[in-house]
Amino acid sequence: MLRNSNGSIYFANDNGENSACLRGRKHWEKDIKKWQRLVSFVRNTNKFFHGTDEPSMYHMSYFNPMNLITLRFLTRIFFISNEFWDQIIVPLYSSSFLTIELNAVPAMIVQVIDDLIPLLDKPHMESWTIHSQDVFDKMTDSSKVSRRHHHNNNNNKNNNKKNMTIRNEVWGFKRYNNHKVVEIYRNPITKKYVIMTTNGKVNEEFDTIVFASNSKNAANAVKNQDYMLQKTILNGFRYTSETDRSFEIGYIHSDPSIFPAVHRKDLLKKFANYIEVCKNKGNDDQNNFKYINTFIISSWWPAINNTTNVGSGSTKHLEGNKNNNKNENAITSSSPRLVTYGLSEAESLTKIKNVVGTVENKWNHPHMSFSGLMLSMLMRFIQGKDDIYYCGSYATPANGHDLSLCSGICIAMAMGANYPFPENKDAYNDFLRLRRIMGI
Ligand SMILES: Cc1cc2nc3c(=O)[nH]c(=O)nc-3n(C[C@H](O)[C@H](O)[C@H](O)COP(=O)(O)OP(=O)(O)OC[C@H]3O[C@@H](n4cnc5c(N)ncnc54)[C@H](O)[C@@H]3O)c2cc1C
């Protein structure tokens, strides 16, 4: 749900059942039509270059001009107003890109975004029903472990060498006392990899390294001078925390009073986000807006009620609340789980009762842009080189749980694991597409 800077409230994604829905709003009618033309233009161009209009995040063509042309540029070609961009498109889609700086976003992505979060229709969401351990179990089922050799990667010296046995326990998480990896290098005698953490040297040595962190960490950890190509590519990625700070800190709370009273019940039950567009105070530029975005996590992720962690960034729980007494501060299993972005610390204290912690999203959301897209394509030239692999969002052509997980599966399979979901044909086809893109 959106609240514009003039106070109008819209249910984007609504079939006209609600009086406040965006559809049919006279003020936006022309822009909505132009936007729909833009989306269908991008769909047709994508279809031409991808050879299909089958919905998938994994279609990619090097020659698609929509990779190069930005969405913002296209809105100008289609005469879409700046007001529509600032008041509808940026707030609505910044929740997915985790930045309000959308000027560099390539136009080709609008097809996927429009499928996931349509401007006028209700979105359809599906979620995993299994646990991440199930994925590891299936990949490492010893009765089926593949002895597949690496294919199609000339960089990898070990293409034919391993008759690899992957044991389930290898995939367990070793956290090394929560100390971060700062460097990897080869032991000149054993030729195996040594890992240095902030706590010093790890006692074990490894045949293969898989970086599943972020590109900055990987670039810093491969210190060897021979790794210039790796470092150049990895250092090229930009993260949203470098473009703007709107989504850097989220305030975790349970205070629904930040929603308009009349829509509070609906928001808590049915909506994923409530976004307020505000004019930036003290700024004369009419187009300079600020966006306060509350993620209503408990409305779409009921399982969150069994945990105290929110988000993929680092989570800090505040020990006491400066505003409120202890009892009100506690989040119970029936409390709404909310995370609000776009506020300064001072604003969070006045606007929200019971802030219980913060979530920090630094270096975990690559900025979607043409250069990011090209760099992820270039990753194929360094994947597996010297037995070092890279997976996670930056190693894929977009950013999301599905792509990041699938990139990890691609790497695991390059190392000999099983494909875990053969029964799901769509997922398998996406896996094949990503494996082709990653060149492993
Ligand atoms: C607030 C938020 C909301 C999101 N919402 C969605 C959504 O609704 N749908 C969707 O598809 N995607 C969403 N995403 C994106 C999704 O979370 C990412 O695409 C995905 O989690 C990226 O996975 P990853 O494995 O690349 O990185 P991460 O999940 O960030 O994992 C990287 C890990 O590396 C660790 N690490 C970093 N440095 C080091 C080091 N030096 N040593 C050791 N470990 C290190 C980190 O602690 C972290 O655990 C969201 C992201 C955020 C931040």
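Phe-49 is partly exposed, because 16 other C-beta atoms lie within 10 Å (a residue counts as buried with 20 or more other C-beta atoms within 10 Å of its own, as exposed with 12 or fewer, and as partly exposed in between, with C-beta atoms placed from the backbone). The model is a predicted one: local features need pLDDT of at least 70, side-chain atom pairs count only at pLDDT 80 or more, and totals for chains, interfaces and linings use all residues. Residue numbers start from 1 along each chain as its sequence is written.

Phe-49 belongs to helix H1 (residues 29–50); helices (H or I, at least four residues) and strands (E, at least two) are DSSP runs numbered from the N terminus. Leaving aside neighbours within four places in sequence, Phe-49 is in contact with Ser-61, Phe-63 and Asn-64, where contact means C-beta atoms, placed from the backbone, within 7 Å. Between Phe-49 and Met-60, 11 residues apart in sequence, the C-alpha to C-alpha separation is 8.3 Å.

Turning to the whole protein chain, its secondary structure comprises 15 helices and 13 strands. Of its 440 residues, 33% are buried. Among contacts between residues at least 6 apart in sequence, 70% join residues at least 24 apart.

The largest nonpolar core contains 83 residues, and Cys-410, Ile-411 and Leu-434 have the most contacts inside it. Such a core is a set of buried Ala, Val, Leu, Ile, Met, Phe, Trp, Tyr and Cys residues joined through C-beta atoms within 7 Å. Helix H14 gives the most to this core, with 7 residues. The core lies between domain 1 (1–126) and domain 2 (132–240 + 366–438), because both give residues to it; the domain bounds come from an automatic or database domain assignment. Apart from neighbours within four places in sequence, Leu-434 has contacts that include Tyr-58, Thr-396 and Cys-410.

Helix H14 (residues 401–414) also gives the most to the shell around the ligand, with 3 residues. The ligand is surrounded by 20 residues, the closest being Lys-180, Ser-213, Gly-392, Gly-400 and Ser-404; a residue is near a molecule if its C-beta atom, placed from the backbone, lies within 6 Å of it. The shell divides into 3 nonpolar, 15 polar and 2 charged residues.

Finally, strands E3 (residues 181–186) and E4 (residues 193–197) pair in the antiparallel sense over 5 bridges, pairing being assigned if DSSP finds at least two bridges. Val-181 stands opposite Thr-197 in E4. The two strands E3 and E4 form a hairpin with 6 residues between them, and Lys-191 in the turn has a positive phi of about 65 degrees.

Terms used. Ala, Val, Leu, Ile, Met, Phe, Trp, Tyr, Cys and Pro count as nonpolar, Asp, Glu, Lys and Arg as charged, and the others, Gly among them, as polar. Two residues are in contact if their C-beta atoms, placed from the backbone, lie within 7 Å.
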